[in-house]
Amino acid sequence: MKKEETKERKKYLSNKEKIWRRYKKHKLGMIGGTIVVLLLILSIFAPFFSPYDYRKPDYEGAYMPPQPLNFVDEDGELSIVPFTYGVEQGMDPETWARTFEINPDQKYRLQFFTEGWEYELFGIFESNIHLFGVEEGGTFHLFGTDKLGRDILSRIIFGSRISIFIAFFGSLLSAVVGSLIGGISGYFSGKIDLFIQRVIEMFQLFPQLPLMMALSAAIPTTWPPILIFIGIVVVLSLIQWTFLAREVRAIVLSYREQEFVKAAQALGANHLYTILKHVIPNCFSHIIVVMTLTIPQLILAESTLSYLGLGIQPPMVSWGVLLQEASNLQTIGQHPWIMIPGAFIFFTVLSINFFGDGVRDALDPKSN
Amino acid sequence: MISYIIRRSLLAIPMLLLVSLIAFFILTLPPGDYMTSYQNQLTSQAGLTTAEAEEMANEMRQKYGLDKPFLVQYYNWIKNIVTKGDFGYSFFYSKSVSAVIWSRMGYTLLIAGLCHFISVFAGVFIGIFSATHKYSFADYTFTVLAFLGVSIPAFFLALFMMYIFSFELGMGVGGLFSDEFIMAPWSLAKVWDLIKHLWLPVVIVGFAGTARNMRVMRSNLLDVLGLQYIQTAKAKGLKNKTVIYKHAVKNAIKPIVMSMGSALPFLITGEMITSIVLDLPTTGPAFYNALVNQDMYLAGSFLMMIAVILVIGNLLADIALAWVDPRVRYN
């Protein structure tokens, strides 16, 4: 008899297991989540994945078109290890335009874990090992180079650091501020609630994008990079927190009369403790969902600001900064590969959107 | 109803005053003012000495009251708006602010209006189609397209389209007119030229809006179709079309009607980035130039204008909602 009972028990799933099960069912969410994890690894270990130093100019090799990896050489012979051809610069005698011509006699094979430029990871490890590169003497610019001859792939990889983390911190800050203010507003209700709601309404009366532009224009470009980074995070979250605050308030309003809140109060917990320890944890799933869905919006916002020259300033790189170079029609006409960072923004935003959808279905099945 | 409208409008006035104060404050935050760059221009281009340039800049500051403390500047600005309808002077365009904004407002409203029209109608109809043909091939296609629409940054879509059309397809895009028509008086040929240039920004701006409306409409309609009153309607023997269009859509369309109030300012700002990239004569690029050059009266007036449109839009949306939903009307 007892044995059967324990067998029955095994069928029960913990909340975490249930969430994981629901998440696994969401195929697009799984794909999105995997890409997000890969992107995070790519951005955290950026120097390891970058074949070149993203800051180092090479005036000789400016605007070099993307170099493909070849498996078959000129004579039609198959090579197991892919290689790149040597590139020789020339000049078109008629137009005086610089040209890059492939030299079929020079072949440089692709190598993994090669030695390259030196870097420090997290300020601790020093190394010069990179995931890939080609044999000495050759170049491998998968996405070509920019106007100063810097490797675009490496710049994209380093740009992902700022683009992703600025959005992450922005949404984290707006989640903290939004849920705290929303929690207070809903918990106390009455006059405090009325006041906070008016403040939120006022914030929402401002047009989002122009306000964001005006605020980031107010950040002096002479500030050190870290301050500009923090400044943009604050600007982004200043715009976003009101939406979460409203939603958290609505949820908290429905909790404030419930037993667990009354119990906490009866046991003598003060208001702040009750809000932080009892009320807000009950909104966590909702907050996390809103947070993940905010990140892609902030990536878009940051790239727009930086593209307009109001956000992140060079020499820092974000995807928006990289696209700043593509703002001239003439330039993109001659060197279309400098638009590649845009594709990265797009895929990142798309996969985080999918991921967010999956998270919502897993955490908040009722909402959909 | 009328007293409700009047009360709401009166409440908006202090709100707008506060908004204008904050907007004005944000615009004065950056160090220096327009005269700082004017001064640099004088020394570098007109060949004046630093002292002479500074004197001239200070003279200009005095003339336009830029040397006064922040609150005095703000008070003068608001006073002139309320009493004379004068929004100040745009240093960058060397015109009055209202002249700059009004000369660009027509095209802005034209583009924004067209996009709005397209995004609401296309969005709603595609949404209805997707919801009624759930999980069909077309539904998947539209869903993927909608995801693309909300995932591409507007400026990049504009850049990319510009590249494709001018270099791959050899069509001239950018601007609103071909060179020979810019100064020409209005004629049929000019209108046709305008249409040829207009469709690209409309498609770019309308894409994101359509995608958003479609997603909202689809998920709402799916929710509504699962409700019991729909079952009842079907059980009564009504035609499927009647059930969907007369019973379900009416409830599902509510959030879209509600969001219409904020749609106009949303579109004016959505049009902004595309216009900057494509270099269109609308308010977006004017605001951007004003920001970059610290032309604060122009930037401030633009922010104010959008806030006013938002307030009016929200009011209209409330009235429209009361019209669509009797439950709101009778309360």
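View 1. Strand 2 (residues 78-91) and strand 3 (residues 98-121) of chain A pair antiparallel through 9 bridges; strands are DSSP runs of E with at least two residues, helices are runs of H or I with at least four residues, and both are numbered from the N terminus. Two strands count as paired if DSSP finds at least two bridges between them. The hairpin of strand 2 and strand 3 of chain A has 6 residues between the strands, and A:Trp96 in its turn has a positive phi of about 65°.

Residues are numbered from 1 along each chain as its sequence is written, and chains are lettered from A in the order in which they are written. In this predicted model, local features need pLDDT of at least 70 and side-chain atom pairs count only at pLDDT 80 or more, whereas totals for chains, interfaces and linings use all residues.

**View 2. The hairpin of strand 3 and strand 4 of chain A.** Strand 3 of chain A is joined by 8 bridges to the antiparallel strand 4 (residues 125-134) of chain A. A:Gln111 stands opposite A:Gly133 in strand 4 of chain A. This hairpin has 3 residues between the strands, and A:Phe122 takes a positive phi near 55°.

**View 3. The contact of chain A and chain B.** Chain B contributes 37 residues and chain A 32 residues, contact being defined by C-beta atoms, placed from the backbone, within 7 Å. On the side of chain B that touches chain A, helix 7 of chain B gives the most, with 8 residues.

Methods:
Two residues are in contact if their C-beta atoms, placed from the backbone, lie within 7 Å.
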